[in-house]
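Notebook open, structure loaded. I want to jot down what I look up as I go.

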Amino acid sequence: MLTRIISLAILIAAWQAAAWEAHSRLLPAPLAVLDFIVAEAKRGDLAHNVGITLLRVAIAFAIAMGLGTALGVALGRSRKADLALDTPLLVLLNTPALVITVLAYVWVGLNETAAILAVVLNKLPNVAVIVREGSRNLDPGLEEMARAYRFDRWTWMRDVLVPQLQPYIVTAARSGLSLAWKIVLVVELLGRPDGVGFAINFYFIQSTDVAAIIGYSLVFMAVMIGIDVLLLQRLEAHVRRWR
């Protein structure tokens with residue numbers, strides 16, 4: 001913890017020195033960014049925009065994790081399904097988020113459905129690929145035991161499949177969450193009337209207010225890091241405790 005604090009202090013000091021040297025509104029000092037964050041919070045805009053973006057991230061994240069996990073299991077367990085869907089999966093993985101977002105808005109409209117769909121389509125392949133690897137590496141001994149004891153489908157999923165997939169699912173969740181919130185900002189920037197992405201775009205277009213852009217970025221970044229450290233890292237340690 002002390003090392004992290006020292007590292008953060010050095011980063012802020014370097015930022016302050018660079019801002020002092022540049023002496024330009026295009027590189028505001030840390031205190032200028034903090035003043036903006038406080039002012040935006042007092043107006044209520046900061047909480048509103050961050051809350052809206054978090055809601056979009058949560059909805060898209062839940063849908064992508066559910067569908068991606070189911071798809072990954074299917075691909076890992078069925079060679080035919082893997083052969084049939086591997087190419088579409090690769091296409092989605094390599095299609096830029098910007099392209100998927102624009103197409104979602106064109107085909108579905110400038111609405112919340114299109115925004116969530118764009119994020120899901122960008123994140124789902126990442127989850128499916130990670131979970132597919134887990135499904136391919138199931139312990140054959142446990143599989144044989146399940147057949148010998150004639151486990152029904154529910155018992156097999158609960159006692160054989162899920163425990164072995166947990167580390168892969170948590171890994172997919174951690175990587176997917178960091179990807180999802182970045183894509184949500186792009187989605188909001190292009191076609192939503194609120195959220196962190198909208199606010200960043202607004203301050204860029206209206207006044208090129210770099211303090212506002214950095215301020216919103218830092219606040220939302222801090223929220224997502226907090227979620228990762230306080231929830232996902234602990235969850236990952238829990239599912240890997242047997243090691």
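**Entry 1: an aspartate and its partners**

I started at D82, where a polar contact of 2.8 Å joins its side chain to that of R132. Bear in mind that this is a predicted model. I then checked R136 and found a second polar contact, 2.5 Å, between the side chains of D82 and R136.

Where does D82 sit? I placed D82 in helix α4, which covers residues 79-94. Buried or exposed? D82 comes out buried, because its relative accessible area is 11%, and the cut-off for buried is under 20%.

I also listed what D82 touches, leaving out residues up to four places away in sequence: L75, R132 and R136.

**Entry 2: α4 against α6**

Next I looked at how α4 packs on helix α6, residues 112-136. The axes are 9 Å apart and the angle is about 140°. The crossing of α4 past α6 is left-handed.

Which residues make the contact? From α4 I noted D82, D86, L89, L92 and L93. From α6 I noted L121, P125, N126, A128, V129, R132 and R136. Sorted by class, the contact of α4 with α6 has 7 nonpolar, 1 polar and 4 charged residues. D82, R132 and R136 from my first entry turn up again in this list.

**Entry 3: α9 against α10**

I moved on to helix α9 (residues 196-207) and helix α10 (residues 210-239). Their axes lie 9 Å apart, at an angle of about 165°. That angle is over 145, so I logged α9 and α10 as roughly antiparallel to each other. Here too I noted a left-handed crossing, with α9 passing α10.

On the α9 side, the contact uses V196, A199, I200, Y203 and F204. On the α10 side, A212, I213, Y216, S217 and F220 take part. What is the make-up by class?

**Entry 4: the whole chain**

Last, I zoomed out. I found 10 helices and 0 strands in the chain. The C-alpha trace spans about 70 × 50 × 30 Å along its principal axes.

How much of the chain is buried? Of its 243 residues, 37% count as buried. I also looked up the contacts with a separation of 6 or more: residues 24 or more positions apart account for 75% of them.

Technical notes
Residues numbered from 1 in each chain as written. Predicted model: local features only at pLDDT ≥ 70, side-chain atom pairs only at ≥ 80, totals over all residues. Heavy atoms only, no water. Helix = DSSP H or I, 4+ residues; strand = E, 2+ residues; numbered from the N terminus. Buried < 20%, exposed > 50% of the residue type's maximum accessible area, 1.4 Å probe, protein only. Polar contact = N/O pair within 3.5 Å; in protein donor to acceptor, adjacent residues only side chain to side chain. Contact = heavy atoms within 4.5 Å. Axes fitted to C-alpha atoms, helices over the stretch in contact; angles between N-to-C directions. Parallel < 35°, antiparallel > 145°, perpendicular 65-115°, else oblique. Left-handed = near helix turned anticlockwise from the far one by under 90°. Nonpolar A, V, L, I, M, F, W, Y, C, P; charged D, E, K, R; others polar.
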